[in-house]
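Please examine the model shown below. The briefing that follows covers helix packing, backbone geometry and annotated spans.

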Amino acid sequence: MAITDFLAASDISSAINACKAKDSFSPKIFFATVGLSKKSPKEIEKVFKMLDQDKSGYIEQDELQLFLQNFSKGARVLTAAETRTFLLAGDMDGDGKIGWEEFSALVSTS
């Protein structure tokens, strides 16, 4: 299963290009640009499972750092500041990781 099974390659390219500069990544803008915020809960869950590289049921800090690379192989790694901001935006219960419900809520508000 590839991310392009759910999202248009042109939208992915636009979203990646919009945050090429360091410290320019915003999860809400990215989700809107890539079209994820318009997808069904089932499709959003499939993308979440792809992002959860270790299949723990959570997206942890190390997985967030490599977030853009899940969408495009040549994409950059998120900076420490971007990763921290992303985690703070999504981690509603303060456990240091983003679960499915938290991810879904973050995407839905984008």
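Is the crossing of H1 and H2 right-handed or left-handed? The crossing of H1 and H2 is right-handed, a crossing being left-handed if the near helix is turned anticlockwise from the far one by less than a right angle, and right-handed if clockwise. This is a predicted model, in which local features need pLDDT of at least 70 and side-chain atom pairs count only at pLDDT 80 or more, while totals for chains, interfaces and linings use all residues. Residues are numbered from 1 along each chain as its sequence is written, and side-chain values use heavy atoms, with hydrogens and water left out.

**Packing of H1 and H2**

- Helices (H or I, at least four residues) and strands (E, at least two) are DSSP runs, numbered from the N terminus.
- H1 and H2 pack at an angle of about 155°, their axes being 8 Å apart; axes are lines fitted to C-alpha atoms, for helices over the stretch in contact, and angles run from 0 to 180 degrees between N-to-C directions.
- H1 is therefore roughly antiparallel to H2 (angles under 35 degrees count as roughly parallel, over 145 as roughly antiparallel, 65 to 115 as roughly perpendicular and the rest as oblique).
- In this pairing, Phe30, Thr33 and Val34 of H2 meet Asp11, Ile12, Ser14, Ala15 and Ile16 of H1, contact meaning heavy atoms within 4.5 Å.

**The buried face of H2**

- Helix H2 (residues 27–34) has Pro27, Phe30, Phe31 and Val34 as its buried residues (buried means under 20% relative accessible area, exposed over 50%, partly exposed in between, with a 1.4 Å probe and protein chains only).
- Seen down the axis of H2, these buried residues fall within an arc of 95°, so they line one face of the helix; the arc is that of the directions from the helix axis to the C-beta atoms.
- Helix H1 (9–18), helix H5 (80–90) and helix H6 (100–108) are the elements against which the buried residues of H2 pack.

**Positive phi values**

- Gly35, which follows H2, has a positive phi near 90°.
- Most residues other than glycine have a negative phi.
- Asp23 is not a glycine, yet its phi is positive, about 65°; Asp23 lies in the loop between H1 and H2 and is exposed, at a relative accessible area of 52%.
- Lys55 has a positive phi near 60°; Lys55 is in the loop between helix H3 (41–51) and strand S1 (58–59) and is exposed at 59% relative accessibility.

**Annotated spans**

- An unreviewed UniProt entry lists "domain: EF-hand" for residues 39–74 and 78–110; UniProt positions are given in the numbering used here, feature names are shortened, and annotations may be inferred rather than shown by experiment.
- Residues 39–74 are 44% helix and 6% strand, with end C-alpha atoms 25 Å apart.
- Residues 78–110 are 61% helix and 6% strand, with end C-alpha atoms 19 Å apart.
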